[in-house]
Amino acid sequence: MSASHPKVGFVSLGCPKALVDSERILTQLRVEGYEIVPSYDAADVVVVNTCGFIDSAVAESLDAIGEAIAENGKVIVTGCLGKRPEQIRAAHPDVLSISGPQDYASVMSAVHAALPPRHDPFVDLLPDYGLKLTPKHYAYLKISEGCNHRCSFCIIPSMRGDLVSRPVDEVLREAEKLARGGVKELLVVSQDTSAYGVDMKYAAREWRGKEYQTRMKGLCEGLSELGLWTRLHYVYPYPHVDDIIPLMAEGKLLPYLDIPFQHASPRILKLMKRPGAVDKTLERIQRWRDICPEITIRSTFIVGFPGETEEDFEQLLSFLDQAELDRVGAFAYSPVEGATANALPGAVPEEVKQERLARFMALQAEISADKLERKVGTVQTVIIDEIDGELAIGRSKADAPEIDGLVQIQDGAAAGLKPGDFCEVRIMGSDEHDLFGLVGDDED
Ligand code: SF4
């Protein structure tokens, strides 16, 4: 690209959903002839895509804005924290513009105002799958915005509004383009993947001459036609989730579910206003495992929610013990400004929260280590993410990028593996997060 192109720096913070927004903005900037540069010095203006989900993310976002102002001076703020412009202006009165999540038009007009575009369609060739911030072999596929639930600790619905699903044919066409661009693994994201299409009354749409419903099962059936690894995130344990487990057993969908259970005490779940039936969760998990024994279940939990008693917490530990989930993340409850849970009585003292978090993590570490140890001696299909010296670092079907474990392949470089390759790996060892192995599925 020529040196005279206007240059934009980009800082992307937050969750995979924010990453998808960043990718859309970056794609649009490239379409309009802007050059994306990796340093503050080289940029004419800097866009900061912020996160505002928890207080530490707010602080991180405000710091990032401050750094961009100090280093560059011309800063456009967008993303979740953009829903609270007064907080941003109070800390950084000099930002050029503030907009909320998915407000691509406002970001683009702020960039135009600061830095007029110089479009040259013959120079600015762009692959038709857009620009991705994730490595080329995997991509996030956002199927909806917003959420119809009102979990008491969460402010996403007040920032992003009610659920708006993308029609299934539009999502499938995007997935098809990604596949053509070299993507091998799709990570389906939303606020509530199991609610997909409810706002569209599950409208049927045509794709490749066949009808698919705008609902989780229809989407999964369509995606399975592409022959990629497809991984579902943010699914809630509704009864209709049972319908997609056979697709996993048939190898059409990765046998992986990311289900944020958050707690197991019915009383706390009620205070959290969580969606999905809670009483039958263990039976449901067992049924899924009967249909698809290979299934990996990942979840997240909050400990120390307001009102959580020792008894509630013990109920959570006992659930963890019985459910034997494969991957678990946990957080000590931290109040989010604007969340209704802040008004609940019975705040748990910080040291009790930390002590419960440590007990919770110690129990899960044993469960995870034990489950991974059972994989030693098996052969796993692994997708390679990177080569690091002699090692190839990849992930099995049980591992989502960034949040789960890795498979370290000791002879990966010698075997000529490259990022995006699939290979069969004999697992030789494990710890509580990762697996270690060698290429090849021979016994010797
Ligand atoms: S399901 Fe609950 S936690 Fe998730 S986005 Fe909706 S309100 Fe927030």
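I take a residue as buried when its relative accessible area is under 20%. I note at the outset that the model is predicted.

**Entry 1: Q262**

By that cut-off I record Q262 as buried, because its relative accessible area is 9%. I located Q262 in the loop that runs between β13 (256-258) and α9 (266-272). I then looked up its backbone: phi of Q262 is near 70°, which is a positive value in a residue other than glycine.

**Entry 2: Y234**

I found a positive phi at Y234 as well, near 55°, again in a residue other than glycine. I placed Y234 in the loop between β12 (229-232) and α8 (245-249).

**Entry 3: Surroundings of the ligand**

Which residues surround the ligand? I listed C147, H149, C151, F153, C154, I156, P157, Q191, Y236 and R274.

I then consulted the UniProt record, an unreviewed entry, which lists C147, C151 and C154 under "binding site". C147, C151 and C154 are also among the residues that I found around the ligand.

**Entry 4: C147 and C154**

I located C147 in the loop between β7 (144-145) and α5 (156-160), and C154 also lies in the loop between β7 and α5. Is C147 buried or exposed? I record C147 as buried, because its relative accessible area of 9% falls under 20%.

Leaving out residues up to four places away in sequence, I found C147 in contact with P157, G161, D162, L163 and Q191. Of these contacts, P157 and Q191 are also listed around the ligand.

**Entry 5: T381**

I found T381 in strand β16, which covers residues 379-388. Not counting residues up to four places away in sequence, T381 touches W229, R395, S396, K397, F422, C423 and E424. With E424 I noted a polar contact, side chain to side chain, at 3.0 Å.

I also looked up the separation of T381 from E23: the two are 358 residues apart in sequence and 29 Å apart in space, C-alpha to C-alpha.

Note on methods:
Residues numbered from 1 in each chain as written. Predicted model: local features only at pLDDT ≥ 70, side-chain atom pairs only at ≥ 80, totals over all residues. Heavy atoms only, no water. Near = heavy atom within 4 Å. Helix = DSSP H or I, 4+ residues; strand = E, 2+ residues; numbered from the N terminus. Buried < 20%, exposed > 50% of the residue type's maximum accessible area, 1.4 Å probe, protein only. UniProt positions renumbered as here; feature names shortened; annotations may be inferred. Contact = heavy atoms within 4.5 Å. Polar contact = N/O pair within 3.5 Å; in protein donor to acceptor, adjacent residues only side chain to side chain.
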